[in-house]
Protein chains: 2
Amino acid sequence: MHETLYFEDVHVGQRFESAKRVITVDEIKRFASEFDPQPFHLDEEAAAKSLFGALAASGWHTAALTMRLLVDSTAPMSGGVVGAGVEIAWTRPVRVGDELQVVSEILEARESRSKPDRGIITLRSETRNQKGETVQVLTSRIVMPRRETKG
Amino acid sequence: MHETLYFEDVHVGQRFESAKRVITVDEIKRFASEFDPQPFHLDEEAAAKSLFGALAASGWHTAALTMRLLVDSTAPMSGGVVGAGVEIAWTRPVRVGDELQVVSEILEARESRSKPDRGIITLRSETRNQKGETVQVLTSRIVMPRRETKG
């Protein structure tokens with residue numbers, strides 16, 4: 001277990017590196033069957049004829065796996081990793097057997113003006129494959145409680 | 001089956017309404033176990049003590065279900081619904097038993113300058129619960145092929 005992180009514990013430029021995780025063909029097809037049943041995520045032949053050129057994971061699958069790697073590998077944020085909003089760019093297809101890793105950096109950290117018990121950080125998380133190529137960039141705004149003020 | 005949509009078939013202001021789908025407690029916990037294992041998505045008691053106040057679905061689960069409703073319910077985009085990038089705002093928790101529906105509108109549709117065989121649309125998709133409250137706003141930029149020019 002990591003130690004819980006509060007707003008006071010983080011700073012701009014701080015980096016987190018996740019564990020690595022391989023994505024299998026079964027996982028790609030199972031996720032797609034449930035949430036994104038388009039031919040290029042389900043079937044090798046159809047994918048070969050699509051703009052992907054070969055079977056590719058759903059971008060939502062990449063996003064969900066990125067969240068899992070973030071939750072497992074970074075120090076737990078106090079109150080949890082609760083995003084108010086995110087932006088995602090999918091920059092390259094995720095293929096069968098790709099080994100994914102998430103490298104994150106805090107871009108901004110500011111105190112809340114209206115609520116002095118918390119701060120808001122902006123976290124940029126690059127999901128990379130085993131060649132070091134970026135497959136997804138996730139930018140999240142995350143609310144972080146401050147430590148309790150001791151009276 | 002719906003008819004396939006090409007770039008020429010869509011226009012700004014066009015709206016799509018998805019089917020409705022109830023989210024169950026088992027689905028919420030199963031998704032969270034796999035992709036977002038934080039206590040407020042997994043355990044009623046822990047959730048009651050968290051900022052959510054009660055069990056809530058992972059935002060990534062809401063996003064994935066939104067994709068499923070979009071894929072099932074709107075006319076298939078030629079080439080598939082392939083997003084180059086998205087923004088997501090989670091505006092309200094998704095609770096056990098909520099019935100979700102996605103209402104989408106095309107905000108922008110423009111021809112690609114560099115690639116005359118395609119256009120890019122901006123689609124705004126509101127995911128709403130059974131009370132009509134918006135739980136998520138997804139804004140997607142989607143590449144859409146044009147119909148083949150007949151020689």
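Two strands are said to pair if DSSP finds at least two bridges between them. Helices (H or I, at least four residues) and strands (E, at least two) are themselves DSSP runs, numbered from the N terminus. The structure is a predicted model, in which local features need pLDDT of at least 70 and side-chain atom pairs count only at pLDDT 80 or more, while totals for chains, interfaces and linings use all residues; side-chain values use heavy atoms, with hydrogens and water left out. Residues are numbered from 1 along each chain as its sequence is written, and chains are lettered from A and ligands numbered from 1 in the order in which they are written.

Along the principal axes, the C-alpha atoms of chain A fill a box of roughly 65 × 25 × 20 Å.

Several of these strands pair within the chain. β1(A) pairs with β3(A), residues 99–111, in the antiparallel sense over 6 bridges, and here A:E17 stands opposite A:V103. β3(A) is also joined to β4(A), residues 118–128, by 10 bridges, and these two strands run antiparallel. In that pairing A:E108 lies opposite A:T122, and a hairpin of 6 residues connects β3(A) to β4(A).

Side chains also link parts of the chain. A salt bridge (a side-chain nitrogen of Lys or Arg within 4 Å of a carboxyl oxygen of Asp or Glu) is formed by A:R147 and A:D9, at 2.6 Å from N to O. This pair links distant parts of the chain, 138 residues apart: A:R147 is in the segment after β5 (134–145), and A:D9 is in the segment before β1 (15–22). Over all chains, the count comes to 24 salt bridges.

The second chain may now be considered. Where contact means heavy atoms within 4.5 Å, chain A and chain B each contribute 33 residues. The size of an interface is often given as the accessible area lost when the parts come together. Here the buried area (accessible area, 1.4 Å probe, that two parts lose on being put together, summed over both) is about 2,800 Å², and carbon and sulfur atoms give 64% of this area. In chain A, the residues that lose the most area to chain B are A:F35, A:W60 and A:V86, together 24% of what that side buries.

Specific links cross this interface. Among the 2 salt bridges found there is that between the side chains of B:R30 and A:E34, at 3.1 Å from N to O. On the side of chain A that touches chain B, α1 (25–35), α4 (59–73) and β2 (83–90) each supply at least two residues, and α4(A) gives the most, with 9 residues. Strands meet here as well: 5 bridges join β2(A) to β2(B), residues 83–90 of chain B, and the two run antiparallel. Within this pairing, A:G85 stands opposite B:A89.

How are the two copies related? Two copies of a chain are related by a rotation about an axis and a shift along it. With copies superposed by least squares on the C-alpha atoms of residues with pLDDT of at least 70 in both, chain A can be laid on chain B with an RMSD of 0.0 Å by a turn of 180° and a shift of 0.0 Å along the axis. The two copies are therefore related as by a two-fold rotation axis. Of the residues of chain A, A:E87 comes closest to the axis, at 2.2 Å for its C-alpha. Because 100% of the interface residues of chain A are also interface residues in chain B, the copies meet through the same surface.
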